[in-house]
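Biologist: Got the model open. Can you walk me through the pockets, the core and the helices?

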Amino acid sequence: MSGHPILPFSIPQMKDFVPKALRPWIIVVMVIVVQFSGGVYMSAASEMVGSTALMQEDIMMAGYASLVGMALFFPIMFRLRSAVRPKSALSACFAVIITANLIAMHTTNIPLLVGVCLVAGFFRMWATLECNSTIQLWITPTRDLSVFFCYVYLLVNSCIQLSGISSIAFSTWASWHYMHWFIIGLLLVMWIVVILLFKGCAVMPRLPLLGIDWIGMIIWGFWAMCCLFISLYGEHYDWWQGEEIRMATIFAIASLAMNLIRAAFIRHPYISLKTLSFRVIWMTIAVTIVADILLAPSHIFEHALMEGILGYDAINMISLNWVALAGTVCGALFTWLTFARRKWTYHRMVVISFSLLLFYVAYFYFMIDYNLPYEALIAPIFARSAGYTMLSIVLLTSLTRLPFPTHFTQGVGTLNMFSAALAGVIGTAIVGRILNVVMRRNFMLLSSQVDSVGYDPTTMPSIGEMYGAVQVQALLESMKEIYGWLIIVAVASLLILMFRASDIRPTKVIQPTFHRISLLMRREVLARLRYRRRQRNIAHQH
């Protein structure tokens, strides 16, 4: 796989008058604009809730639906790249994303909003693949995916942090709508750039979209949306006490069973049972879920701590995204230096990542307080951002042990379905439910002695203020208790990793050339054609 010739880098799909030194940087700018785009911006969810009369869960459902759409793209990414020319693909992606932004700004219909974000996520990932594949040889002339994934996560995670800062800035300055108009303007500029600077040539040999399990893709997407609905709306509907959650659970189980049964007998399933049988798939999913459970306080506790206890406003809270951005950059650079270049083992990198996550939860357990200064939040947020970036790169690189291209792309899609969309929501739902239970218990214990007997209004605060103070104290005690449980989970995970040593290094992570991938896909298409012809002949004979 690694013996293919190394060709000089070029971007033949750009017109000749574009300077060669400028071409890759145009692509990088295009990727950044695409990553900034989206149906909704979850960092501005509070402003959208106030102006659209939607619930917080509705906005989050639409935002995560975009991530589900991105994950659904991976199993067919090479097929789409070989079937559609880059210029046509980018033009279609920009048109769809612009339309999605326009609809997301003006609709309050929840199914429409969620569906639009799902489609927008799919086309955003398609545009990202077209751009990143174009400059892959510029980033790593040897097609070393451990190097390439460092670039991908550095770019994607940095854009996530910067888009949050931008959306809050626009919301504070004027309205959250302005973020959408700003992105639409940038997308229009990039669309004009594609029309003027790109040729209509194909990079890979053309193959028809034959043998793709579109029905399987729809059912897998439906299963993921059911899981999202259960995790996001569970607390609102009182979990399985509510009919909505029970119905969503039935649909999730039925769709999962349908996918697995279909994959057992159809020739080209969207995600095959053989892909799911690889051990590396389940190990990466398990590690991702545990890591997202440890990071769940970043979605629940940090906001409650900074807003409800420390009294920070939205600008101060979002300014910590700069710290997270610095952690992402340092984590990606450290992984590139040690993992991609020096070829440190997967095991060592995962241990370092979990050590940083352990530091994150342990720091808040020992340091959480009413008077926690702003500067004290820098170290834990930096650590969890760097640790999660390192872990994401390592886990994605480990999937290169799967056969190219079919099982690798299906494995990447499966991992991204959990790492990008489901694992974080599931971890937040679990920790959020524990917080509510522990919070009620602590509030009852702390308020048991608060009553109007012996109350002196001249020397004591009002009953309402006293109950407010008890509420804050109960929240603080509950967060500290849950951080303690998360420390136990992190320590247990580290011990398991330390006892389970491995010397596997990222030495065989070279992506085949697109010509080689095209030949492998052509074999699948021809086999599909022969199978259809044979079935047709059998039908004629009968």
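This is a predicted model: local features need pLDDT of at least 70, side-chain atom pairs count only at pLDDT 80 or more; totals for chains, interfaces and linings use all residues.

Biologist: Which residues lie nearest the centre of the second largest pocket?

Modeller: Met283, Val287, Val350, Leu497 and Arg500. They belong to a lining of 23 residues.

Biologist: What volume does that second largest pocket have?

Modeller: About 680 Å³.

Biologist: And which elements give two or more residues to its lining?

Modeller: H13, H17 (346-367), H18 and H20 (463-499). H13 gives the largest share, eight residues.

Biologist: What lines the largest cavity?

Modeller: Tyr153, Thr288, Ala291, Tyr388, Leu391, Ser392, Leu395, Leu415 and Ser419. Helix H13 (279-295), helix H18 (378-398) and H19 each give two or more of the lining residues. H18 gives the most, four residues.

Biologist: H19, then. What should its 41 residues span?

Modeller: Helix H19 covers residues 406-446, and at 1.5 Å a residue it should span 60 Å. The end C-alpha atoms are 57 Å apart, which agrees.

Biologist: Where is the kink in H19 centred?

Modeller: On leucine 422. The kink is about 50°.

Biologist: New topic. Alanine 71: buried or exposed?

Modeller: Buried, because its relative accessibility is 3% and the cut-off for buried is under 20%. Alanine 71 is in helix H3, residues 56-73.

Biologist: What does alanine 71 touch, beyond four places away in sequence?

Modeller: Gly413, Asn416 and Met417. As for methionine 125, alanine 71 is 54 residues from it in sequence and 8.1 Å from it in space, C-alpha to C-alpha.

Biologist: Now the largest nonpolar core. How many residues does it have?

Modeller: It has 172 residues. Those with the most contacts inside it are Met30, Phe122, Trp223, Leu305, Phe354, Leu399 and Met479.

Biologist: Take leucine 305. What is it in contact with, leaving aside neighbours within four places?

Modeller: Leu310, Phe364, Ile368, Asp369, Leu372, Leu476 and Met479. Met479 is also among the residues with the most contacts inside the largest nonpolar core.

Note on methods:
Residues are numbered from 1 along each chain as its sequence is written. Side-chain values use heavy atoms; hydrogens and water are left out. A nonpolar core is a set of buried Ala, Val, Leu, Ile, Met, Phe, Trp, Tyr and Cys residues joined through side-chain atoms within 4.5 Å. Buried means under 20% relative accessible area, exposed over 50%, partly exposed in between (1.4 Å probe, protein chains only). Contact means heavy atoms within 4.5 Å. The expected span of a helix is 1.5 Å times one less than its number of residues. The bend at a residue is the angle between axes fitted to the seven residues ending there and the seven starting there. On a 1 Å grid over the protein atoms alone, a cavity is a set of points where a 1.4 Å probe fits but cannot get out, and a pocket is an open set with protein on both sides within 12 Å along at least five of seven lines; lining residues have an atom within 4 Å of a point. Grid points are joined across faces, edges and corners, and a volume is the space filled by probe spheres set on the points.
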